[in-house]
Amino acid sequence: RKFVKDFTIEPTLEELVSRILIGYKNGQYDYLWDLMHADDKVYWESKDNYKNLLSQRDAIYKEISYSIKSSTIGQNIRQLDI
């Protein structure tokens, strides 16, 4: 018997981080909530609370003309030993 480790996980880490950054940039908090780990959902208490607080943050950012200059993902992703 022979095993060949020839597979890819979809989405890749780079694609997943890119989707999350785009979601934050566009205020797609429903989408981000669905991706969130269960422990983090407990922290935020509810989807509505999460959406409302981040929407308030976005309004403050808009008021002070704050924007993210870049959301480019670096190419030096490293595997960390656990």
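**Figure 1. Charges and overall form of the predicted model.** Lys and Arg count as positive and Asp and Glu as negative, while His and the chain ends are not counted, and the place of a charge is taken as NZ of Lys, CZ of Arg, CG of Asp or CD of Glu. On this basis the protein carries 12 positive and 13 negative side chains, and the centres of these two sets lie 5 Å apart. This is a predicted model, in which local features need pLDDT of at least 70 and side-chain atom pairs count only at pLDDT 80 or more, whereas totals for chains, interfaces and linings use all residues. Residues are numbered from 1 along each chain as its sequence is written, and side-chain values use heavy atoms, with hydrogens and water left out. Along the principal axes, the C-alpha atoms fill a box of roughly 60 × 30 × 20 Å. The radius of gyration, taken over C-alpha atoms, is compared with a globule rule of 2.2 Å times the number of residues to the power 0.38; a compact globule of 82 residues would have a value near 12 Å, but the protein has 17 Å.

**Figure 2. The helices of the protein.** Helices (H or I, at least four residues) and strands (E, at least two) are DSSP runs, numbered from the N terminus. The protein has four helices and zero strands, so that the order of its elements from the N terminus on reads α-α-α-α.

**Figure 3. The largest nonpolar core.** A nonpolar core is a set of buried Ala, Val, Leu, Ile, Met, Phe, Trp, Tyr and Cys residues joined through side-chain atoms within 4.5 Å, where buried means under 20% relative accessible area, exposed over 50%, and partly exposed in between (1.4 Å probe, protein chains only). The largest such core has six residues, namely Tyr-29, Leu-32, Trp-33, Met-36, Tyr-50 and Leu-54. Two or more of these residues come from each of α2 (29-35) and α4 (47-63), and α2 gives the largest share, three residues. In soluble globular proteins, nonpolar side chains tend to be buried together. In this protein, buried residues make up 10% of the 82 residues.

Figure 4. Ile-20 is classed as partly exposed because its relative accessible area is 28%. Between Ile-20 and His-37, which are 17 residues apart in sequence, the C-alpha to C-alpha distance is 13 Å.

**Figure 5. Phe-3 in the segment before α1.** Phe-3 is placed in the segment that precedes α1 (13-26), and Phe-3 counts as exposed because its relative accessible area is 82%. Although Phe-3 and Val-17 are 14 residues apart in sequence, their C-alpha atoms are 30 Å apart in space.

Figure 6. Glu-45, found in the loop between α3 (38-44) and α4, has a phi near 75°, which is a positive value in a residue other than glycine. Glu-45 counts as exposed because its relative accessibility is 65%. Ser-65, in the segment after α4, has a positive phi of about 60° although this residue is not a glycine. Ser-65 is exposed, since its relative accessible area is 64%.
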